[in-house]
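I opened this notebook to record the pairing of charged side chains. Side chains of opposite charge can pair when their charged atoms come close.

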Amino acid sequence: RQRQMCIRDRLSCLYKKYLFRKEGHMGNPNIPVGISDFKEIRENNNYYIDKSGFISELLTDGAAKVTLITRPRRFGKTLGMSMLYYFFNVRNESQKLFEGLEISRNHELCEKWLNKWPTIFLTFKDIDGLDFASAYDQLVFTISDLYQKYSFLLESEEIDEEDRKRFKLLKSGEGSKILVIRSLSLLMRLLENYYHKQMILLIDEYDVPIAKASSKGYYQQMLEIIRGMMSTALKDNTSLKFAVITGCLQIAKESIFTGTNNFVTDAIANTGFNEYFGFTQPEVNKILEDTGTVQYAKQMKEWYDGYHMGEIDVYCPWDVMNYLRELQRNPKAQPVSYWKNTSDNAIIRSFIDFAGNSITDKMETLLSGGYILQDIDENLTYDYLHSSESNLWSILYMTGYLTEARISEGKTAFSPDTKALKIPNAEIREIFETTVMKWFADSVKKWNRTAIFQALWNQKPEIITREMNLLLWNTISYHDYKEDFYHAFLTGIFMGAGEQIESNKEHGLGRPDLVIIDKVNGKVAIFEVKYSQSMKQLNKDCDKALAQMKERKYAEDYKDRYKDIFCYGISFYKKECLVKMLES
């Protein structure tokens, strides 16, 4: 009997552990990264933060005819749309997927909406091409793939022969441009006739084709197609129950949603769906507790929090999940920028190239942790994105590279279109820093550096000082760069000049910051870099650099191979520098 009791207790313990794991509260849960299919996450017991309250929020007081939701990329838009699809679509049986979630407790709403409505879910995320023809082919394939899912309509008696022909043409990818433009409205009408119910339409990443077209030179051609599809699907379409559309930018209504009635926009600045895109602080606290990673809360907040959307502050969910998965593999893992590997960070570079020196002061304020006041236009058209500096600040704000700063009431006396903008977190700051450094490295190659090169080999530190100060005043810097930034600055100046460059390579008893080797003429220049805390410190720190070079014998390795060895100490403070030479 005692043995039976032990076995029973053991089985009970195992069963409780099973339930514990099933509910996603284990210390080492399955962290979904790159999975945006709601069904896959739920059926495979992946960790999931309950966002099903979004459904009831969307349906409160009756859904708007068309709801456009704009958020930066990697904030859970596609997963949210996938959840809507599995909830509404009449062809799904999704009760188990929603068991235990917030929405399942709203029995009246579930009775009316859960798997009761014909639903189309379409994403434009893959519509891209170097020219219009290739991008249009991608769109045709996407529509063909969509029609494949509804092949059962071809057997329906509700479809007449002409519509059957149109359906087959679109399904095979052979439809005319007019048919492609009307493909959504046609499919909606056919499904309404089949189910005798209006349609719910879900379109994800609606602006991707237009954004790609704008950057590659076929904007007007693609706009004509997408605008036609949206117009015929959304404007005065009696088959439409309601539509939800997501994207990154809020394109001006007149540009793409012309004439659409009962149109509601939920954007970053003024949103009713704050908590459903991104992770709130309580949600992150729960994630850290469930995964046994509470000790990483500070790093998580510093690197991935800071996005202000409406009245809610949120973390980027893509980053949170990536970092948690990395911590499962390596508890010593440090936060890194996951965003820079997924988003089109070329927008920052194009911004700097466009604005040039006119944005230097603002960029330096942002990089030093401050905020700037800037007029924001939330209704843009892609063909005018680069027409003004104001538009470019607006893009950086709406795409998540900048966020609205929380400032005291006494400092908010500015127009409604003006916002206080700042960099949200350490991850985005790193992206800015990397981009600025790369921009400088590319830009400096275009400048005339002859005077610096000549002064280097002619032992003229005062001329090097003068020329480098001129270059410093033409770049973007801030105090937190310290020696890393100035090391990159110095390397960028001498890169591409024809000499061999060595950086932080061990010589003598240490590692000099930079070594420039002219093998043809048998000369070597060695630099040691110091960062000063004030202008008064420049001279003293420059002397320290020279003393370090002498003490650690940086020049020793070169004496047998090169006839001339020049040792330079250089100290930096903000946009000032001082260069001295070690006497031989």
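The entries below concern salt bridges.

Entry 1, basis. I worked from a predicted model, in which local features need pLDDT of at least 70, side-chain atom pairs count only at pLDDT 80 or more, and totals for chains, interfaces and linings use all residues. Residues are numbered from 1 along each chain as its sequence is written, and side-chain values use heavy atoms, with hydrogens and water left out.

I searched the whole structure for salt bridges (a side-chain nitrogen of Lys or Arg within 4 Å of a carboxyl oxygen of Asp or Glu) and noted 16.

Arg-71 lies in the loop between strand S1 (66-70) and helix H4 (77-88) and Asp-266 in strand S5 (residues 263-266), so the pair ties together parts 195 residues apart in sequence. Helices (H or I, at least four residues) and strands (E, at least two) are DSSP runs, numbered from the N terminus. I took buried as under 20% relative accessible area, exposed as over 50% and partly exposed as in between (1.4 Å probe, protein chains only). Arg-71 is buried at 0%, and Asp-266 is buried at 5%.

I recorded a salt bridge between Asp-163 and Arg-166 at 2.8 Å, N to O; the two are three residues apart in helix H7, about one helical turn. Asp-163 is buried at 3%, while Arg-166 is partly exposed at 35%. I also noted a network of salt bridges linking Asp-163, Arg-166 and Arg-189.
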